[in-house]
Amino acid sequence: MAIIGIDLGTTNSLAAVYRDGTVELIPNSLGEYMTPSVVSFGEGGEVFAGNIAKQMLVTKPECTFREFKRNMGTDFEYTAGRRKYRPEELSAFVLRKLKEDAEHYLGEEVTEAVISVPAYFNDDKRCATKNAGKLAGLKVERLINEPSAVALKHHSGSDGMETFLVFDFGGGTLDVSLVEAFDNVVEIKAVAGDNYLGGKDFNEAIAAEFLRRNDLALLTPEENGILLKEAEQLKIMLSKEKEAMRRFMLRGQEYIMKMTNQELIHCSVELFQRMAKPIQKVINDSGMEESEIDKIILVGGSSKMPVVKQYLKSIVNIPVVSDDRPDESIALGVGMAAAIKERTGEVKDMLLADICPFSLGTEVYDGSFSPIIERNDTLPCSRSKYYVTVQDFQKELEFNIYQGENMVAADNLLLGKMMIKNLPLEPKGRAGAMVTFLYDINGILDVRIESKNETVHKVIFNKKMGLSEAEIEKRVEQLKKQTFYPASQEENRLLIERAKSVYQETDPRSREAIANALHQFRGALQYGSNQQIRAQYIQLSVLLAAVEQRQVHFKEFDENFFDDSCLEEE
């Protein structure tokens, strides 16, 4: 039985395994490494996860969901027909597909996984991620911070000492970590991030600018799906071109979406400003000077945007380099983490010294927050503080355990409550209790409170976020009954959904051709031989490629990508 590493991303997810002395990515049923983190539900109750579901964002937006990772650890619910789904349940469908694809590829059962999470995920979000694994039929003892996984992958095979920043900019989250690495030790020194900043926000900024220019409003879900899809494609084009253009149909009319990188900067000023804050925080928390940091390594799909790299170069005096595999770097690192956990191969002796991303402490008498374990303390760690009574002859002390950085305790995340009783009846300040926090690398917080007459102990981990153990088991059985669309038919269904999506976005004459070709393809699927199905598949694919090609136009400018005056304007 294999243990795999999973990069559970906001936009795309990947799986990896360590075998035969190396980490290898696991292809999905379509032979691709990246599986879109999108889930859709068919009329017959079947579940679509991945590429087909991504196409359904346009064709069936009312029951298709994406970017649910951003709502992990919250009570937010998604409605599909008569059923409501929590973010961890939708994530479980993505994990289940990765698990099944891995089992098919490896030829053995997969029972356990190490899953990556943003470094700035709090306890609720981490526990929801573990629950998603459980709902998918996976044992998840270990979560690894995404930049930590990148650091493992980057330092693998290197004997020298280096200090670097990992700038992990994905589809939905931004993580920044400062890393010191030497020999076989990778030590995380500081982390910061923004759980609500990613490539998705640039898509929305492009779409908003298009609506402003064309004085459009009140789009239907289908129209909004088309617009966001075109915005994403334009953003991707701008990674290689100085100017990009998309032609598409909306409300029966052809529109042109056109933008330069300079214009992208101007409509996304707030996003760039937010991008700088985690870098500042990490450097300030570490106490290092910029000159002590060797480089900034860019990973994550959104880091491929040239405006991102150029912006970072403009605000720091540190070399900025792109990872050789920015989309896959996290998955490869998580695959290494799985091997380290399994004590497998050459990586078994590597040591990852991770840190606590948030402070942990308790509330004191005036409502303020008293940290016991500070953020960026190396894990595992143990810290103690002594707290005394504030009233004469006080009999008990209540400790509310929080996670966060706010001075007011109630503004942080409440993890649990504990009480110490039977204190000696003494004047205020004379009696008290020693509070000890032990926090391990798996996110388990062990709290021990000792007074002269009593000791209480509690382990805080695996919060259920509103789901009891019985409810989780019940939902596991419910999700098992919701079957995936057969993997053997995914390629054909994906082409059908692609045709339906292109149909909605193109001109009337092309629509007629697509409808005819799609009708013939469906007829072949129902009544034809394998040879006839293949012939119609190729015919429809060629037609769609021709239609899509006509929708795209590139135009070169003579000037540079963008100049310093652009940044000065911001």
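Buried means under 20% relative accessible area, exposed over 50%, and partly exposed in between, computed with a 1.4 Å probe and protein chains only.

## Basis of the report

This is a predicted model, in which local features need pLDDT of at least 70 and side-chain atom pairs count only at pLDDT 80 or more, while totals for chains, interfaces and linings use all residues. Residues are numbered from 1 along each chain as its sequence is written, and side-chain values use heavy atoms, with hydrogens and water left out.

## Surface patch

Tyrosine 386 belongs to strand β22; strands (E, at least two residues) and helices (H or I, at least four) are DSSP runs numbered from the N terminus. Because its relative accessibility is 47%, tyrosine 386 counts as partly exposed.

Together with Val388 and Met434, Tyr386 forms a nonpolar patch on the surface, with about 260 Å² of accessible area in total. Such a patch consists of residues with over 30% relative accessible area and no salt bridge, nonpolar side chains (Val, Leu, Ile, Met, Phe, Trp, Tyr) being joined within 5 Å. A salt bridge here is a side-chain nitrogen of Lys or Arg within 4 Å of a carboxyl oxygen of Asp or Glu. Areas come from the Shrake-Rupley method with a 1.4 Å probe.

## Backbone features in two loops

The loop between β21 (369-373) and β22 (381-388) contains proline 380, and the peptide bond from leucine 379 to proline 380 is cis, with omega near -10°. Asparagine 376 lies in the loop between β21 and β22 and has a positive phi of about 75°, although it is not a glycine. Asparagine 376 counts as buried because its relative accessibility is 15%.

Asparagine 422, in the loop between β24 (413-420) and β25 (432-439), also has a positive phi, of about 60°, without being a glycine. At 54% relative accessibility, asparagine 422 counts as exposed.

## Second largest cavity

The whole structure holds 3 cavities of 30 Å³ or more. On a 1 Å grid over the protein atoms alone, a cavity is a set of points where a 1.4 Å probe fits but cannot get out, and lining residues have an atom within 4 Å of a point. Points are joined across faces, edges and corners, and a volume is the space filled by probe spheres set on them.

The second largest cavity has a volume of about 40 Å³. Its lining includes Ala15, Ile26, Tyr33, Leu98 and Asp101, and the largest share, 3 residues, comes from helix α2 (residues 87-106). The lining divides into 6 nonpolar, 2 polar and 1 charged residues, where Ala, Val, Leu, Ile, Met, Phe, Trp, Tyr, Cys and Pro count as nonpolar, Asp, Glu, Lys and Arg as charged, and the others, Gly among them, as polar.

Terms used. 1 Å grid on protein atoms, 1.4 Å probe; cavity = no way out; pocket = protein on both sides within 12 Å on 5 of 7 lines; lining within 4 Å. Patch = residues over 30% accessible without salt bridge, like charges linked within 9 Å, V, L, I, M, F, W, Y side chains within 5 Å.
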